[in-house]
Amino acid sequence: MPRILVLYGTTEGHTRKVANAIGDTMRANGLDVDVIHVDASEPDPSGYSAVIVAASVHAGGYQKPIASWVRAHAAQLDRIPGAFVSVCLSVLSKNEGGRKEAAAIPQRFLDGTHWHPAQVKIVAGALLYTHYNFFVRWIVKRIVATAGGDTDTSRDYEYTDWNDVRAFAGDFGRSVIDRAAA
C-alpha cells in the first residue's frame with residue numbers, strides 16, 4: 001500500500017485543519033498517510049510513495065521551516081509524486097491583482113526551493129481575528145478592507161471550500177494508487 005506524507009506549516013492553526021482534512025480523506029480511501037507538522041520532526045521523504053506539502057501565506061511568504069525542509073529534500077521530492085498546497089486569503093481578493101499575486105506566491109516559493117511538484121493547489125484560508133493581538137488584528141483588517149473582504153473583527157471567518165479540499169485529496173490519492181498499480 002502506498003504511504004503518503006502530508007507535511008505542513010501553520011501560523012494560526014488553519015493549515016493544520018487543511019492538512020488533516022487531506023490526510024483523513026486519503027485514509028478513508030485506504031491509503032497509509034502520515035500528517036506531520038514541520039516542527040515536530042524531520043521526516044525523510046524517501047520513505048514515502050508521495051508527498052504533499054501544505055503551508056500558509058503570511059506577508060507574501062510561507063513558514064521558514066517549510067522552505068528549509070523542501071529545499072533540503074527537493075531532489076528526492078522531484079522523484080516521487082508531489083503536490084504543494086498554498087493556503088492563502090489573496091485567492092479571494094475582489095481585485096484581479098490580488099488573485100494574480102495568490103498565484104505568483106507559490107511559484108516564487110517553488111522557484112526558490114527548486115522543487116517541481118506535479119500539482120499546486122491554492123486553498124482559501126481563514127481570518128482568525130479573535131486569535132490575533134491588537135496590532136495584528138489592526139493590520140489584517142486594513143489589508144482585508146483594501147481587498148474588499150470581511151472586516152468585522154469580533155468574529156472569525158473560514159473561507160476554505162472543504163469539498164474542494166477533499167476532492168483534491170481524493171484525486172491525488174487515486175493517482176498515487178494508480179501509479180503504484182502500474
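Student: At 30% relative accessibility, what does R3 count as?
Tutor: Good place to start: this is a predicted model, where local features need pLDDT of at least 70, side-chain atom pairs count only at pLDDT 80 or more, and totals for chains, interfaces and linings use all residues. Residues are numbered from 1 along each chain as its sequence is written, and side-chain values use heavy atoms, leaving out hydrogens and water. Buried means under 20% relative accessible area, exposed means over 50%, and partly exposed is in between (1.4 Å probe, protein chains only). With its 30%, R3 counts as partly exposed.

Student: How far apart are the closest N and O atoms of R3 and D34?
Tutor: A salt bridge needs a side-chain nitrogen of Lys or Arg within 4 Å of a carboxyl oxygen of Asp or Glu. R3 and D34 form one, and their closest N and O atoms are separated by 2.6 Å.

Student: How many residues apart in sequence are the parts that R3 and D34 tie together?
Tutor: Helices (H or I, at least four residues) and strands (E, at least two) are DSSP runs, numbered from the N terminus. The salt bridge joins R3 and D34. R3 belongs to strand β1 (residues 3–8) and D34 to strand β2 (residues 32–37), so the sequence distance between these parts is 31 residues.

Student: Which helix holds K17, the partner of E158?
Tutor: The side chains of E158 and K17 meet in a salt bridge of 2.6 Å, N to O. E158 is in strand β7 (residues 157–158), so the pair ties together parts that are 141 residues apart in sequence, and K17 lies in helix α1.

Student: Where do R174 and D171 both lie?
Tutor: Their side chains also meet in a salt bridge, at 2.5 Å from N to O. R174 and D171 are three residues apart, about one turn of the helix, and both lie in helix α5 (residues 162–181).

Student: Which strand is joined to β4 by five bridges?
Tutor: Two strands pair if DSSP finds at least two bridges between them. β4 pairs with strand β3 (residues 50–56) in the parallel sense over six bridges, with S56 opposite V87. A83 stands opposite Q119, and the strand that runs parallel to β4 with five bridges is β5.
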